[in-house]
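Here is a friendly set of notes to read alongside the structure. Keep the viewer open and look for each part as you reach it.

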Amino acid sequence: MAVPVVMPQLGESVVEGTITRWHVKPGDTIAKDQILVTVSTDKADTDVPSPVGGVVTKLLAAEQAVVPVNVPIAEIDTAASASAAKPAAAPAVMPAAPAPVAAPSREPPTTPVVRKIARENDLDVSAIKGSGENGRVTRDDALAAAAGKVVATPAAAPSRPATPPPPPSEEQPRQSAPAQAPAAPRGGFSVKPYVQAPGDEIVPFNRRRRIIADHMVYSKHVSPHVYTFAEIDMHKVSRLREARKDALKAEGVSLTFLSFIAAATAKALRENPVLNARVLDDSYVKIKQINLGVAVETPGGLLVPVVRDADELTVKGLAKGIDTVARKARDGKIEADDLAGSTFTISNPGTKGNFVGAAVISQPNVAILRTGEIVKRPVVVEVDGVDTIAIHPVMFVALSYDHRIVDGVAANNFLYRITEILEAGQFEV
């Protein structure tokens, strides 16, 4: 019996995948759960196992093809034998542009990143003039179109002076519309072409770096970033950590400062839900579940695995959760679901940090907390009603937030609450 294999949905927000490598060819025998194909998404690379055992009779999509989820990509005959299938295998060569997943002929070739930008900015990809090879619409083409709404339009009517609309009145309120960034000015400035000099090293973008670059540019384009900072006395947290870290280490748990920061952040998010939100087309949603994304540096580049239901975990539970996903990321064993569904992000520079730094928001979150290095500094403390100077571990933090829905008062209240929780040092460990 011929069984179709479809493109799986590798993550809750994933709508398509790119076939990067077939591990079989037509006529090959494959066992159930044997790796069939490697698929790349904007989240991660994933090895997809075969759902059944049998003989591969058809591969319906070429390598590098972009396939929507639930569209057939292969066919496996569970009743056929390898010898019976091989004579018929020759015609089943992977087409360069497979019919089941071919885009409409009017739409130029694109990438998942381009289509994501187009979807989120209500753009018609076929109306964008591509500057890439063979008319391919590049990321920069899509961003330029989103900034200036560069779409195909009928021939312009004769120009006439524009009449400004009357100001809104109480009887006729102003109609709200998504603000669009102005198009980049042309002719005013251009960067000179690069000319390689002796000793220069050109490093091509790998796939991970390209995804990071696209994500960061997209985030700065769609989210008006605002930043606020706080200084936090970590003295009580430090004492609590020192008192408990050896006992937890014996249990295999590394009690880091990040665990306490995550616990304080999760509690503050529960009390300030506008920071645990996502912007939609003409509204926004306050998300009930609190899933913390934790930025992790890996040999292949930055990843942001997710600790789910962070507000329901103790400091010990958060320490274990963060350590588990971080280890998977560094060992190259991260899965798409580990990277999906974050509602807020924490970026931690590690032991070799710096005074303070502001991070770019990880979309589709509306805020990100970036911690600085914890260092000992003189602080003023009150002892028996008298101000005195003491040496305490101090940390600076920066909150980057999306001003489309988060106002300054809400952001300041949220960061102030994180500071209160950490300085009180009262945690369930």
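1. **Ground rules.** Two strands count as paired if DSSP finds at least two bridges between them. Strands (E, at least two residues) and helices (H or I, at least four) are DSSP runs, numbered from the N terminus. This is a predicted model, in which local features need pLDDT of at least 70, side-chain atom pairs count only at pLDDT 80 or more, and totals for chains, interfaces and linings use all residues. Residues are numbered from 1 along each chain as its sequence is written, and side-chain values use heavy atoms, with hydrogens and water left out.

2. **An open sheet.** Start with the four strands that form an open sheet in the order β1-β8-β6-β3, with antiparallel pairing. Its edge strands are β1 (2-6) and β3 (29-30), each of which pairs on one side only. Between β1 and β8 (residues 72-77), which run antiparallel, there are five bridges. To see this pairing, find V3, which stands opposite I76 in β8.

3. Buried means under 20% relative accessible area, exposed means over 50%, and partly exposed is in between (1.4 Å probe, protein chains only). Is β17 (residues 367-371) mostly covered or mostly open? It is mostly covered, with five of its five residues buried. In a regular strand the side chains alternate between the two faces of the sheet. In β17, A367, L369 and T371 are buried on one side, and I368 and R370 are buried on the other.

4. **The partners of β17.** Strand β16 (residues 344-347) runs parallel to β17 and is joined to it by three bridges; here I346 stands opposite L369. Strand β19 (residues 386-402) runs antiparallel to β17, with five bridges between them, and T371 stands opposite V397.

5. **A hairpin.** Strand β19 also pairs with β18 (residues 375-383): nine bridges join these two antiparallel strands. Within this pairing, V380 stands opposite I389. The hairpin of β18 and β19 has two residues between the strands, and D384 takes a positive phi near 55° there.

6. **Backbone angles to check.** Most residues other than glycine have a negative phi, and most peptide bonds are trans. D33 is not a glycine, yet has a positive phi of about 75°; this residue is in the loop between β3 and β4 (35-40). N70 also has a positive phi, near 70°, and lies in the loop between β7 (66-68) and β8. D33 is exposed, with a relative accessible area of 55%, and N70 counts as exposed at 57%. The peptide bond from Q363 to P364 is cis, with omega near 5°; P364 lies in the loop between β16 and β17.

7. **An enclosed helix.** How many of the ten residues of α3 are buried? Seven are, so this helix is largely enclosed by the rest of the structure. Among them are R139, D141 and L143.

8. **Salt bridges.** Side chains of opposite charge can pair when their charged atoms come close. A salt bridge here is a side-chain nitrogen of Lys or Arg within 4 Å of a carboxyl oxygen of Asp or Glu. The whole structure has eleven of them. One joins D214 and R210 (3.3 Å, N to O); these residues are four apart in helix α4, so about one helical turn separates them. D214 counts as buried at 7% relative accessibility, whereas R210 is partly exposed at 34%.

9. **A link across the chain.** R270 and D311 also meet in a salt bridge (2.6 Å, N to O). This pair links distant parts of the chain, 41 residues apart: R270 is in helix α6 (residues 257-271), and D311 is in the loop between β15 (306-307) and α7 (315-330). R270 counts as partly exposed at 41% relative accessibility, and D311 is partly exposed at 28%.

10. Which residue is 178 residues from P224 in sequence but 5.5 Å away in space, C-alpha to C-alpha? The residue is D402. P224 lies in the loop between α4 (207-222) and β9 (225-233) and is partly exposed, with a relative accessible area of 38%.
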